[in-house]
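Walk me through this model, please.

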Amino acid sequence: MAQEYRQAFNQAATDPAAFWLTAAREVQWDKAPTQAIDDSKAPLYNWFPDGKLNLSANALDRHVAAGRGDQAALIYDSAMLNSKTEYSYSELLREVEIFAGVLRDRGVKTGDRVLIYLPMIPQAVISMLACARLGAVHSVVFGGFAPKELAARITDCEPVAIVTASGGIEPSRHIEYLPAVAEALALAEKSVRDVIVSHRDGFEHSPSEYQDASEVNWLDWDELAKVAQPAAPVSLDSTHPLYVLYTSGTTGSPKGVVRDTGGYTTALQFSMNAIYDVHPGDVMFTASDVGWVVGHSYIVYAPLIAGATSVLYEGKPIGTPDAGVFGRIIEDHKVTTMFTAPTALRAVRKADPSGALIAAHDLSSLRALFVAGERLDPDTYHFAVDLLGIPVVDNWWQTETGWPIASNPLGLEELTAKAGSPTTPVPGFNVEIRDALGAQVAAGDEGNIVIKLPLPPGALTTLWGNDQRFIDTYLTQIEGFYLTGDSGFLDEDGYLFVMGRTDDVINVSGHRLSTGAMEQVLASHPAVAECAVIGINDALKGQRASGYVVLKSGVDTDEETLKKEIVALVRQHIGPVADFREVSVVAGLPKTRSGKILRKTMRQIADGKEYTVPSTIEDPAVLDDLANYLRPQG
Ligand SMILES: CCC(=O)SCCNC(=O)CCNC(=O)[C@H](O)C(C)(C)COP(=O)(O)OP(=O)(O)OC[C@H]1O[C@@H](n2cnc3c(N)ncnc32)[C@H](O)[C@@H]1OP(=O)(O)O
């Protein structure tokens with residue numbers, strides 16, 4: 001195997017303290033760390049415990065101080081508004097200083113939480129960096145979630161303020177955010193002091209409408225900014241939480257992944273050098289959403305920490321206006337590095353099978369395409385390679401890890417790619433494959449993908465307010481290892497192949513969703529006696545959710561109406577992001593004699609895979625009936 005990569009990987013594995021203290025030198029510290037890791041509370045670890053820094057200063061001030069103030073930091077390209085706006089490093093710094101001043105004037109202090117519910121507009125980036133400047137802990141919520149999900153996050157992280165906008169623009173509709181925020185506040189167990197609203201034209205509702213009926217202060221961003229004074233960066237402990245980002249788990253309640261400051265800054269800078277090969281002056285276009293971890297790391301923080309330009313794109317891969325828009329953006333902004341999800345590439349391919357609309361643009365600036373969020377299937381991989389003729393890099397990671405676990409490390413050296421594999425574990429992530437009893441399996445054998453503790457800098461340090469849930473969920477099944485929840489194998493060459501989840505989490509269009517949470521919604525319908533939701537393979541979206549309900553005896557209702565009600569219920573409780581459209585009314589669900597629903601068997605039948613009926617099944621006849629509904633449908 002190639003030397004540069006192998007050497008870095010071995011150094012990180014054998015002497016992580018020295019390796020990461022060296023990597024940390026690329027960061028601007030107010031007080032440089034002398035200690036790499038604090039393991040006194042193992043299995044909880046903290047990186048660089050005696051270091052002090054500010055991430056917004058690393059992302060902005062230091063580049064201005066180095067003379068790059070006029071370089072573009074952020075390009076806001078809105079296909080929805082047909083507009084392009086550029087912010088130089090000096091301009092972005094000014095906006096961030098002022099909005100940090102706004103938050104400070106409103107009494108936001110270091111350690112306070114601020115919930116950010118914004119579409120893909122510059123205010124999202126500005127407010128995240130403003131929080132980082134003060135040491136306020138931000139929690140960004142994706143716009144496609146319903147008010148109930150927003151409320152659950154408000155209840156859990158207890159923000160003092162919410163930063164939002166009039167609304168988001170989807171191709172088919174304008175989404176009013178203010179009614180959603182008001183509803184979430186009514187549902188949440190905690191309230192906030194302030195709701196700060198960035199005004200957008202074309203929306204019906206304004207903050208003043210909500211003021212009268214509320215003890216919350218509904219405020220206008222621009223009005224506050226007019227009178228605010230710029231705020232300087234606060235020097236923070238490396239271990240200070242930068243953000244809480246919620247992700248789906250097996251149960252209905254989302255998990256608040258906590259990210260630190262110094263470890264994350266170090267890891268992102270390392271990833272730009274070793275993996276993405278992005279440097280000052282480069283232009284990175286990550287087509288995701290700031291509400292996901294890919295957006296946090298590779299739209300907002302990493303490109304700015306690295307001194308590059310980040311493209312913030314408000315639009316879709318197709319239909320805004322067509323499947324050539326990625327090519328248009330690459331050409332217009334001379335993008336050097338692009339990052340997107342496989343589902344976006346599949347959408348492009350479906351709309352434009354030869355990719356001619358993208359290829360019609362000047363793509364000569366583009367050096368590499370990175371892809372993450374779900375498995376990059378070989379067909380889509382070959383489509384992208386043939387279209388672009390540059391390295392197409394599948395990188396595998398999770399909200400929890402914050403940056404790639406496995407990737408072709410282009411910045412170190414380009415390894416030979418294998419379609420279907422995100423290549424090899426990244427330095428710092430010591431990946432092993434273990435069976436259900438915790439024993440290591442042979443090369444090529446599938447098992448649980450686990451990572452030896454301590455996780456490298458940048459990975460989650462805990463779950464918000466719940467160390468025990470963090471330990472119970474991830475750290476106890478196999479002592480000394482972090483359980484990823486994914487299964488897969490390492491081949492003879494050390495390449496990782498990720499095959500799928502081992503729990504009830506599914507991935508729809510790169511959105512991680514809990515079937516357990518959907519089942520809770522289905523079960524709440526008065527006609528439903530019991531239900532199951534499974535993720536089944538989908539040629540476009542990777543997976544889609546499919547629901548099966550058994551009705552209460554005596555219920556006599558029109559099936560089509562019932563199905564519509566259930567679909568609407570999921571949209572109302574979880575949000576459009578669940579993309580839940582499919583529900584079947586069935587006579588019974590297959591169960592073991594102890595009452596456990598055989599979801600895995602159901603999935604296997606639906607995906608057309610071979611399956612064996614477990615000997616513990618209560619009534620095998622149920623499966624025969626259910627098979628009619630489960631057979632491949634799409
Ligand atoms: C490595 C670590 C990680 O995995 S982090 C997660 C990485 N994942 C991603 O980056 C997500 C990639 N996927 C996407 O960007 C989108 O799915 C793409 C491919 C662009 C397609 O978007 P779209 O056509 O909207 O389909 P969808 O399935 O995402 O949407 C389903 C319904 O939800 C809606 N929606 C979407 N975004 C928002 C939003 N910000 N605010 C409000 N609503 C939103 C869509 O409009 C759609 O609604 P509808 O059902 O059509 O009415």
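In what sense do strand 24 and strand 26 pair, and over how many bridges? Strand 24 (residues 447-452) and strand 26 (residues 481-490) are antiparallel partners, joined over five bridges. Pairing here requires at least two bridges found by DSSP. Strands are DSSP runs of E with at least two residues, helices are runs of H or I with at least four, and both are numbered from the N terminus. Within this pair, lysine 452 sits opposite phenylalanine 481 of strand 26.

This is a predicted model, in which local features need pLDDT of at least 70, side-chain atom pairs count only at pLDDT 80 or more, and totals for chains, interfaces and linings use all residues. Residues are numbered from 1 along each chain as its sequence is written, and side-chain values use heavy atoms, leaving out hydrogens and water.

Four strands form an open sheet in the order 23-24-26-27, with antiparallel pairing. Strand 23 (431-434) and strand 27 (496-501) are the edges; each has a single partner strand, so one side of each lacks a neighbour in the sheet. From one strand to the next, the twist averages 50°.

Turn to the helices. The axes of helix 5 (residues 122-134) and helix 11 (residues 293-305) come within 11 Å and cross at roughly 60°. Val125, Met128, Leu129 and Ala132 of helix 5 meet His296, Val300, Tyr301 and Leu304 of helix 11, where contact means heavy atoms within 4.5 Å. The contact residues comprise seven nonpolar, one polar and no charged.

Key:
Axes fitted to C-alpha atoms, helices over the stretch in contact; angles between N-to-C directions. Nonpolar A, V, L, I, M, F, W, Y, C, P; charged D, E, K, R; others polar.
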